[in-house]
Amino acid sequence: MRLAVATEGGNISQHFGQCSEYTIVDIQDKKIVGKRLFVNPGHQGGGCSIPGILHGEKVDCVIAGGMGQKAIMNFEQYGIKTYLGVSGSVDKAIDDFIDGSLMSGESTCDSSHGEGHNCGHHH
């Protein structure tokens, strides 16, 4: 199992596409067997989308505060599960995932990038 946690200074970023990096974690038998930081390549079009890049990194699940509906659909297309509405420290979220207590909730970024997009993380 490989997780990608949207990371901003040791905490979970509230928008997966705007984080500075992803914490990539490999888990086997409920233990962390690998952990590294992966710099966010930024929003790109075509086959170079963040969901596509994380799929290329063999990610199974993404943990973030939020993401738009289009990104959620792109992750689903790759068979990548999303856990949204998560906040706090990256390490606690990883521990909660491992012990089965991580809860997915409402995305903190509930619109597409069109008019009315108000998660406050886009310029």
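A contact here means heavy atoms within 4.5 Å.

## Basis of the model

This is a predicted model: local features need pLDDT of at least 70, side-chain atom pairs count only at pLDDT 80 or more, and totals for chains, interfaces and linings use all residues. Residues are numbered from 1 along each chain as its sequence is written, and side-chain values use heavy atoms, with hydrogens and water left out.

## Overall layout

The protein has 3 helices and 6 strands. Both kinds of element are DSSP runs, numbered from the N terminus: helices are H or I with at least four residues, strands are E with at least two. Read from the N terminus, the order is β-β-β-β-α-β-α-β-α.

Take the contacts with a separation of 6 or more: 47% of them join residues 24 or more positions apart. Of the 123 residues, 44% are buried. Buried means under 20% relative accessible area, exposed means over 50%, and partly exposed lies in between (1.4 Å probe, protein chains only). The protein exposes about 6,600 Å², and carbon and sulfur atoms supply 48% of that area. Accessible areas come from the Shrake-Rupley method with a 1.4 Å probe; for residues, only the protein chains shown count as cover.

Strand β3 covers residues 21-28 and strand β4 covers residues 31-39. They run antiparallel, joined by 8 bridges. Two strands pair if DSSP finds at least two bridges between them. Tyr22 faces Phe38 of β4 across the pairing.

The two strands form a hairpin with 2 residues between them. In the turn, Asp29 has a positive phi of about 50°.

## Aromatic pairs

A pair of aromatic rings is described by the distance of the centres and the angle of the planes. Rings of Phe, Tyr and Trp (its six-membered ring) pair if their centres lie within 6.5 Å; planes under 30 degrees apart count as stacked, over 60 as edge-to-face and the rest as tilted. The count comes to 2 aromatic pairs. One is edge-to-face: Phe16 and Phe75 sit 5.5 Å centre to centre, with 70° between the planes. Phe16 lies in the loop between β2 (11-12) and β3, and Phe75 lies in helix α2 (residues 69-77), so this pair ties together parts 59 residues apart in sequence. Phe16 is buried, with a relative accessible area of 3%. Phe75 is buried too, at 0%.

Tyr83 and Phe97 have ring centres 5.6 Å apart and planes at 85°, so this pair is edge-to-face. Tyr83 lies in strand β6 (residues 81-83) and Phe97 in helix α3 (residues 90-99), so the pair ties together parts 14 residues apart in sequence. Both Tyr83 and Phe97 are buried. Lys81 lies over the face of Tyr83, at 4.8 Å from the ring centre. For such a placement, NZ of Lys or CZ of Arg must be within 6 Å of the ring centre and within 35 degrees of the ring normal.

## Ser104 after helix α3

Ser104 is found in the segment after α3. Its relative accessible area is 41%, which makes Ser104 partly exposed. Not counting residues up to four places away in sequence, Ser104 touches Thr82, Tyr83 and Leu84. The side chain of Ser104 reaches the backbone nitrogen of Leu84 at 3.0 Å. The C-alpha atoms of Ser104 and Val86 are separated by 6.6 Å, although these residues are 18 apart along the chain.

## Arg2 in strand β1

Arg2 is found in strand β1 (residues 2-8). A polar atom of the Arg2 side chain lies 2.6 Å from the backbone oxygen of Glu57. Beyond four places in sequence, the residues that Arg2 touches include Ile24, Asp26, Arg36 and Cys61.

How values were computed: A polar contact is a pair of N or O atoms within 3.5 Å; within protein, one must be able to donate a hydrogen and the other to accept it, and residues adjacent in sequence count only if both atoms are side-chain atoms.
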